[in-house]
Amino acid sequence: MMFWDWDFTQEILPLLIRASLITVQATVLGFVIAAILGLAFAIGRMYGPRWLAVPLTGFIEGVRSTPLLIQIFFIYFVLPQFGLALDAMTAGVLALGLHYATYCSEVYRAGLANVARGQWEASTALNLSPFHTFRDIIIPQAIPPVVPALGNYLIALFKDTPLLSAIAVLELMQTAKIIGSENFRYTEPITIVGIIFLIFSLVAAVLVRLVETWLNRRITHT
């Protein structure tokens, strides 16, 4: 038997490339949820009233302390018992977003904590509302320093998307497994999947570095 079949590779490559689009879609949507919710979690935990901060802290620690795969199963299989039925893709994206939102919230907390106390005092002196203080003063200073850490979680989220195959989302890894089982050849599809993940991770790392550089330049010029 040939170790590598180039004809088979050419046959399955378009299928894997199409499946990679599902993986990218899940990554982007999941990270958007994680980035937005993570910021909301951080603000609520640091500056919210006790009745909000305490349960929010418990939720964050609970999610961080349990495996992502269990959370995927819970959202897809258990929530329908309570009347919330989601399709596999939606459940998977939501699980990824919630899971990484708890990690992003810790990153945001570090950024918010590093904003000088004088900025708050100046905002109060200018009679700015809490909304405008966060939007115009605090968040623009808190976000740029934590972009590299957020970028690391983006890449980590991307590499966790194969877990969605557990609920039959036809992402990249699930497609490769199906191709392998149908053709009794796993070398080519699994190797191609590894290469695609490597390429996408490197591209994401470069994009994160470009965003970081752009934000730093913006801060310097302002």
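With a relative accessible area of 24%, E106 counts as partly exposed in this predicted model. Its side chain meets that of R45 in a salt bridge, at 2.7 Å from N to O. That pair links distant parts of the chain, since E106 sits in helix α4 (residues 88–113) and R45 in helix α1, 61 residues apart. R45 itself is at 17% relative accessibility, under the 20% cut-off, so R45 counts as buried.

R45 has another partner: E61, with a salt bridge of 3.5 Å from N to O. E61 belongs to helix α2 (residues 50–64) and R45 to helix α1 (residues 6–47), so this bridge ties together parts that are 16 residues apart in sequence. E61 is partly exposed because its relative accessibility is 33%.

The structure holds six salt bridges. Another of them joins the side chains of R135 and D136, at 3.0 Å from N to O. Here both residues are partly exposed, R135 with a relative accessible area of 45% and D136 at 40%. Back at R45, bridges that share partners join R45, E61, E106 and R109 into one network.

Which residues of α7 are buried? They are V147, L150, G151, I155, L157 and F158. Looking down the axis of α7, you will find these buried residues within an arc of 155°, so they line one face of the helix. N152 and K159, on the other side of α7, are exposed.

Next comes the loop between α7 and α8 (172–183), where E171 is placed. E171 is buried but has no salt bridge; K177, the nearest side chain of opposite charge, is 6.8 Å away. What the side chain of E171 does reach is the backbone nitrogen of Q174, at 2.6 Å. A polar atom of that side chain also lies 2.9 Å from the backbone nitrogen of M173. Setting aside residues up to four places away in sequence, E171 touches A19, I22, T23, T161, P162, L164 and S165.

A168 counts as exposed because its relative accessibility is 51%, and F184 counts as exposed at 69%.

Methods
Residues are numbered from 1 along each chain as its sequence is written. This is a predicted model: local features need pLDDT of at least 70, side-chain atom pairs count only at pLDDT 80 or more; totals for chains, interfaces and linings use all residues. Side-chain values use heavy atoms; hydrogens and water are left out. Buried means under 20% relative accessible area, exposed over 50%, partly exposed in between (1.4 Å probe, protein chains only). Helices (H or I, at least four residues) and strands (E, at least two) are DSSP runs, numbered from the N terminus. The arc is that of the directions from the helix axis to the C-beta atoms. Lys and Arg count as positive and Asp and Glu as negative; His and the chain ends are not counted. A salt bridge is a side-chain nitrogen of Lys or Arg within 4 Å of a carboxyl oxygen of Asp or Glu. A polar contact is a pair of N or O atoms within 3.5 Å; within protein, one must be able to donate a hydrogen and the other to accept it, and residues adjacent in sequence count only if both atoms are side-chain atoms. Contact means heavy atoms within 4.5 Å.
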